Amino acid sequence: MAAGPRRTQSKRKLQKWLTLIVLIVLSGLFLFPLLWMLSTALKPMEETILQPPTWIPTHWRWRNFPDAFTYDSKSIGYIPFLVYGHNTIILCMLTVSGAVVSNSIIAYGFARLRWPGRELAFAVTLATMMIPFPVLMVPLYTMFRHFGWVGTYRPLWIPVWFGSAFNIFLLRQFFRTIPFELSEAARIDGCSEVGIFSLVILPLAKPALAVVALFTFMATWNDFLGPLIYLLDQKTFTLSLGLQFYQNQHGGGEWNLLMAASAIVVAPMIALFFFTQKQFIEGIALTGIKG
Amino acid sequence: MTVFAASDKKTPPADDPHGRMARANRRDTRTGLSFVAPWLVGFLIFTLYPIIASLYYSFCDYRVLSPPHWVGLRNYIDLFTDHDYFLQSLWNTAFMFIELPIGLVLGLAIALLLNQKLKGMAFFRTLYYVPSVVPTVASSILWLWLLNPDYGLVNKSLALLHLPHNFTWLNDRVWAKPGFIVMDLWSVGGGMIIYLASLQGVPQYLYEAADLDGASPWDKLRHVTIPSISPVIFFNLILGVIGTFQYFTQAFVMTGANGSVGGPANSTLFFSLYLYQNAFQYFRMGYACAMAWVLFIFTLIASAVVFKTSAGWVYYEGEK
């Protein structure tokens, strides 16, 4: 009674404005670090430690980027960021194709076919997500060493071709939403299970496959521990490992070059995120919410 | 009549117990298994075997080049008795757990703000999430620079706001871990986006009903929103527990590399960092495996605690 429609309306308006103000103020905390990275990456060395600090470089030093790419240190020689980028892309192609192909086949077996022990096998699959990686780390290393795979990319992509619990779960959730009548109709028409999978289900599952590809690409790009353990020769490093190696050699000091090198590693991920936001949100919706 | 006819169709023909139907079942099983075969093989080679091997190694003296040699409980006894580093790494990791409630409240608060219907919200959502897609190595190096005691943006900004600003962050045993926490909270968007997705699934009629009862915004948050999204809070908490125990890359990049073992006075020698060092720098693989199993057990206990207490506050739809 006391709160008439006009008063509620103005209260709503106030709430909107307050939300907006809080969001704008807070957004600085999230945005400024990245802007600072960019700002530092474009400064000459002396300006990075200028007091008080400047946001806009007084001398724009674009050379930092090629310098970071082709840094030639006296002690360790040339740091080949282009080679790292090339290595990372190759590795990403191997993991992305493996994750998409094998997880879709496996998830089809869990989502659309009935066989005894299926529920148990799926429960075990989910349970493997609880196993901390360090538990598997040492035996995997000694096993791959035994295979002669240490120092190659094989430990980083071959296991991906055998599926991963997270992706199986994600695709299974999606496959189950596709009407079963479609499979039945195809079966009655004499279509084989492989045919149903590749001609009926896969074309409909493109959005979910895109999510798997996206998540796998990002995970491979960001992975640090795997390359750290298995890659020995500097020429074979990925960007994440190469960046850490670069920082380790530089120590503090040349922050402008370090930030330029970091920006090179970060930029593709941010660009990818901007262009794939829809798939991203869908992917999270597919996995997170069911609790 | 029709009901009977329909149910008649479904009963298997009694005169054909091992014939067509059984054959069809066998075929289904074969097809099903061949689809999941890659996973079964992968599970045996890349999960089951390593688990068993790691448990075995944890009871062995194992240094890669020579075969493992059974020593019983020695590694486990050593862990808790004669190595200070182990207990310190355990304490360092335990300290990082204070990040979980902070991250939860912050992530949820931002998600609530972003869930309001305003123009330009998509822009803000993107902006708050972007730090979460920055590769960990790059964000670690960035924060090494931001937390620089003399020239870092963090201390400079605090000075600008006339707040205490002489923090030594990563160079100091007391401030190193808070420095890591500040950095991690920057990528709180990862949890936020999951909360946001679930907030959008809370049925509107619940809020309408609460409005009719004259509920305040706080009441609605406490009695409608939080119970509705509690499964997701639970999910994030479990992920947080697992992630905290495996905190590695940031510590390795920021304080663990370069010969210094684990930051000032080992204050950032986290559990997984020390485990990695044992396995791949000191080549004490058996000892590392014992650590891994302690980690596994702690993870299970912590998750079980969250799970047990969750009975009181997690509501699954249609369960009440």
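Start by selecting the two parts into which chain A is divided, domain 1 (3–73) and domain 2 (77–286), whose bounds come from an automatic or database domain assignment. What you have open is a predicted model, in which local features need pLDDT of at least 70, side-chain atom pairs count only at pLDDT 80 or more, and totals for chains, interfaces and linings use all residues. Residues are numbered from 1 along each chain as its sequence is written, chains are lettered from A and ligands numbered from 1 in the order in which they are written, and side-chain values use heavy atoms, with hydrogens and water left out.

Colour the two domains separately, and look at how they are placed: the C-alpha centres of domain 1 of chain A and domain 2 of chain A lie 32 Å apart. Where the domains meet, 17 residues of domain 1 of chain A are in contact with 21 residues of domain 2 of chain A, contact meaning heavy atoms within 4.5 Å.

Next, switch to a cartoon view of chain A, which has 15 helices and two strands; helices (H or I, at least four residues) and strands (E, at least two) are DSSP runs, numbered from the N terminus. Because its radius of gyration is 25 Å, well over the 19 Å that the globule rule gives for 291 residues, chain A is more spread out than a compact globule; the radius is taken over C-alpha atoms, and the rule is 2.2 Å times the number of residues to the power 0.38.

Finally, show the C-alpha trace of chain A, which spans about 80 × 75 × 35 Å along its principal axes.
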